[in-house]
Amino acid sequence: MKVKVLSRNPDDYVRETKLDIQRVPRNYDPTLHPFEVCREYTRALNATKLDRVFAKPFLTALDGHRDGVNCMAKHTTSLSTLLSGSCDGEVKVWNLSKRECLRTIQAHEGFVRGMVVRFCGTSFFTVGDDKTIKQWKMEAPGYGEAVEPLNTILGKTVYTGLAHHQKEGVFATCGQQVDIWDEQRSSPIRSFTWGVDSFSSVHFNPVETELLASCASDRSIILYDMREAAPLKKVIMTMRSNTLCWNPMEAYYFTSCNEDYNLYTYDMRYLNKPVIVHVDHVSAVLDVDYSPTGKEFVSASFDKTIRIFPKDAGHSREVYHTKRMQHVICVKWSSDNRYILSGSDEMNIRLWKASASEKLGVLAPREKNAANYRAKLREKFKHFPQIRRIAQHRHLPKAIYYQAKELKAMKDARRRKEKNVRSHSKPGSVPVLSEKEKHVVTVVK
């Protein structure tokens, strides 16, 4: 004999307090909800509109430098600590949570060209126009102690870039050549050259820690392995690359920012053409930095804007600008994936939200659930014309708007010309390169 028993859990229908919402049982059978898609579309449209209404990304500006901010460095173990170097040789250590400067060091004569924090976070290195490499203690000196570097290395040439190994006491500098240094020695343990006058930047791979890459003055990007005696590969672009950044989650991929207003994402195994070309800037791109998740990166440009790109998209999802911000020299994405920091010519460091409409502070569980629900709705209906138009619309400064319009007209004209040449070319003649294939001139192994 079968006995059916009704079982009820009081948690399903009893409120914890009288202020809670009444819990109503719901039958999820789709036949009982014929207008569910219509309702969800309306909610997605409202969520998209509210997302743009509450998009206020700018948080604060850290002022205190007396010259343009030339470089920045994130602390490896502290989320709230940032280091910045300016064009007058001054280095400042900032507390981002309090939004104040902790200490100021007159580190170099002339520009501070590069700055990096040691992997353990106890000290940091700087290079400048005075041909020196200096190591500084992260903690402020005690009362009565002089502000002196822990170590100073006098070089023969000006160093233009600096990078530190992720796990060992080894760092790399670039100038007339790429040098690998041991922290305990005053001369490089290895030097790399490949027929280049000078290098502008050097970066270690955060995943494959023995690999590093540099951008050179002959429009090339060169890859190195510290365990090898010679460089690995060299790819020559049509215009010079200013700097590059490795994807922190995918070891083979890196993105370089170029003087031709574009960014190029490469797979280091196949350097004959870029994986994707990121367009939208209307002037030279000066710096790039990946988010800790590796899904997005932020770029800084001479056109006075910073843009956020998904790693697999050709166009930016967000553009940030203010009336007073001048040429953006350097940019960093915070290690908690929530903030972006930019340093520009007019001596300010600006703090932005990575997600423009994100609500800061502690959220109640219901607020979190509602935000996640709205995000899922926007993702589900993102290809609908009206929602896509509202989500993609951005207000741009007049100069950038008209310059982008002019660049688009030039590209369309070039594309039409190539199409006509290709259609009238005879069989057996030299093929016309496409726009994507023109970006790389040659790959040297």
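Predicted model: local features only at pLDDT ≥ 70, side-chain atom pairs only at ≥ 80, totals over all residues.
**Ground rules.** I kept local features at pLDDT of at least 70 and side-chain atom pairs only at pLDDT 80 or more, while totals for chains, interfaces and linings use all residues. Residues are numbered from 1 along each chain as its sequence is written, and side-chain values use heavy atoms, with hydrogens and water left out.

**Count.** I looked for salt bridges, meaning a side-chain nitrogen of Lys or Arg within 4 Å of a carboxyl oxygen of Asp or Glu. The rule gave me 22 salt bridges.

**Arg 394 and Glu 318.** I found this pair joined at 2.7 Å, N to O. Arg 394 sits in the loop between helix 3 (385-392) and helix 4 (398-424), and Glu 318 in strand 25 (residues 318-320), so the bridge ties together parts 76 residues apart in sequence. Helices (H or I, at least four residues) and strands (E, at least two) are DSSP runs, numbered from the N terminus. I noted both residues as buried; that means under 20% relative accessible area, with exposed over 50% and partly exposed in between (1.4 Å probe, protein chains only).

**Glu 358 and Arg 338.** Here I read 3.2 Å, N to O. The two lie in separate loops, Glu 358 between strand 28 (348-353) and helix 2 (365-380), Arg 338 between strand 26 (328-333) and strand 27 (339-344). Glu 358 is partly exposed at 26%, and Arg 338 is partly exposed at 28%.
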